Amino acid sequence: MSWNYSAQNDLADYVQNAPKEAPEGKRSYGERMKEERAAMTALYSRAFQEIWGDEQGYKKFLDILERFTLSPVEGSLGAGVQNAALIYKQRPDAVCLKTFSEYGERNVKIRKHSVAVDIFVPHTVEREGKPVTYYNPMKVFDISQTDAKIHLPERPVWCELEVLQAVANTECFAIDITEELPDGVDAAYIPQINEVWVRDGLNAPDTTVAMLTEFAHYQLAQAKDYTRSPESVFVACSTAYVLAEHYGLDTKEMNFPQEAFPPLKETGAIKEVLSAVASVSKKVALKIDKELGTLDLAQEKDYEASR
C-alpha cells in the first residue's frame, strides 16, 4: 500500500473542523464490542439450551469441542466450550479457523460472499505486573472458505489395545479384573483405594470405553468435593466420548439418551458441566498422549531393529 501524501496533507482542515462530539447514532468501539459480545453470548446460550437433552446435537457439539480443543489444526482458533457452541450455531463443519489477516499473511484469499464466524479469541496483557487474559470477539473464516488447497494433517488412529496399554502405563491408578461388579456396570473407579475394577470377560472396545470413563472419574476425584453423582457420571461419559473421538475409536454405540442429561435449566449450570467435560478431557488426554508417544517410539525402534 502507498500513501496519498497530498490527500493526507489536505486532511488537516477536515480534522480541525470535525464535530467535537460523535454524530448522533454513531457508536464508539467499546459500545460496538459490548453489543457484539452480548449477541455472541446470546448465541452460545441458545446453543447450550438446544443441545441439552438432544443426543445427536450433543454429539455434534462434542465433536466440535474435540476438534478445536483437543486436536486443533496448527494455528487454528476456536478452542473452548463457548467457541464450540458458537461454531455449532454458525459453521459446524469447520475444521480450521483463522482471521482475515492470518490468511493474508499466507497469501490465501477468502472467497467472495463468505460469511465470517464469530468466536472469542484470548488476548493477554500485563496489568500491574501480572498477565491478564481477555476474550475478545473476533471474526474468522474456515479454510474451506478460502482458495487454499486443503491438505489437513492426518490424525493418528489408535487401536483399542494401544489406548488401553497407554492408560495402564500412566500408572495413575491400579487396575483389577473382577466379577464382583453390579449388573450393567463394566468398570468402577474406587477412590478410597485408587483402583479401577473392570469386569472380567469384556471385549476390547467395551473395555476401552469403560477405562476412559473411569479415568475421567479418577480425574474428577482429584477435587475434594467429588462424589459419584448423576452429574459426574454424565461428565465422565462425555469425556470418554471426546477421548474416543480424539484417538479415532468407534463412537457409534456411545449414547446420550435424554434421561442421562442432568436436569439443568440455567445456561450457566449447563456451561459449568460442559466446561468440566472440556477440562477433564484435556487433562486425561495429556496423560494418555504422553504414553502413546512413548509407545509409538518403542514400536518404531522395534521395527528398525527387525529390519
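Analyst: Gladly! Let's start with accessibility: a residue is buried under 20% relative accessible area, exposed over 50%, and partly exposed in between (1.4 Å probe, protein chains only). The model is a predicted one, where local features need pLDDT of at least 70 and side-chain atom pairs count only at pLDDT 80 or more, while totals for chains, interfaces and linings use all residues. Residues are numbered from 1 along each chain as its sequence is written, and side-chain values use heavy atoms, with hydrogens and water left out.

User: Why is Asn194 called partly exposed?

Analyst: Its relative accessibility is 29%, which falls between the 20% and 50% limits, so partly exposed is the label. Asn194 sits in the loop between β5 (187-190) and β6 (195-199). Helices (H or I, at least four residues) and strands (E, at least two) are DSSP runs, numbered from the N terminus.

User: What makes the phi of Asn194 worth a mention?

Analyst: Phi of Asn194 is positive, near 55 degrees, and the residue is not a glycine. Most residues other than glycine have a negative phi. Glu171 also has a positive phi, of about 55 degrees, without being a glycine. Glu171 is found in the loop between α6 (160-170) and β4 (174-178).

User: How do you know whether Glu171 is buried or exposed?

Analyst: The relative accessible area of Glu171 is 68%, so it is exposed. Gln165, in helix α6, has 39% and is therefore partly exposed.

User: How do you know which residues of α6 and α7 meet?

Analyst: Contact means heavy atoms within 4.5 Å. On the α6 side the residues that meet α7 include Leu161, Leu164 and Val167, and on the α7 side Met211, Leu212 and Phe215 are among them. The residues of this contact divide into 9 nonpolar, 3 polar and 1 charged. Here Ala, Val, Leu, Ile, Met, Phe, Trp, Tyr, Cys and Pro count as nonpolar, Asp, Glu, Lys and Arg as charged, and the others, Gly among them, as polar.

User: What makes α8 mostly covered?

Analyst: In α8, 12 of the 17 residues are buried, including Phe234, Tyr241, Leu243 and His246.

User: And how do you know that the span of α8 agrees with what it should be?

Analyst: The expected span of a helix is 1.5 Å times one less than its number of residues. For the 17 residues of α8 (residues 230-246) that should be 24 Å, and the end C-alpha atoms are 24 Å apart, so the two agree. After α8 comes Gly248, with a positive phi near 75 degrees.

User: Why is Leu70 called buried?

Analyst: Leu70 has a relative accessible area of 16%, so it is buried. Leu70 is in helix α3 (residues 55-70). Beyond residues up to four places away in sequence, Leu70 touches Val242, Leu243 and His246, among others.

User: What makes a set of residues a nonpolar core?

Analyst: The members are buried Ala, Val, Leu, Ile, Met, Phe, Trp, Tyr and Cys residues joined through side-chain atoms within 4.5 Å. The largest nonpolar core has 71 residues, of which Tyr58 and Phe61 touch the most other members. Helix α9 (residues 267-306) gives the largest share of this core, 10 residues. Apart from it lies another core, of 8 residues, including Tyr103 and Phe141.
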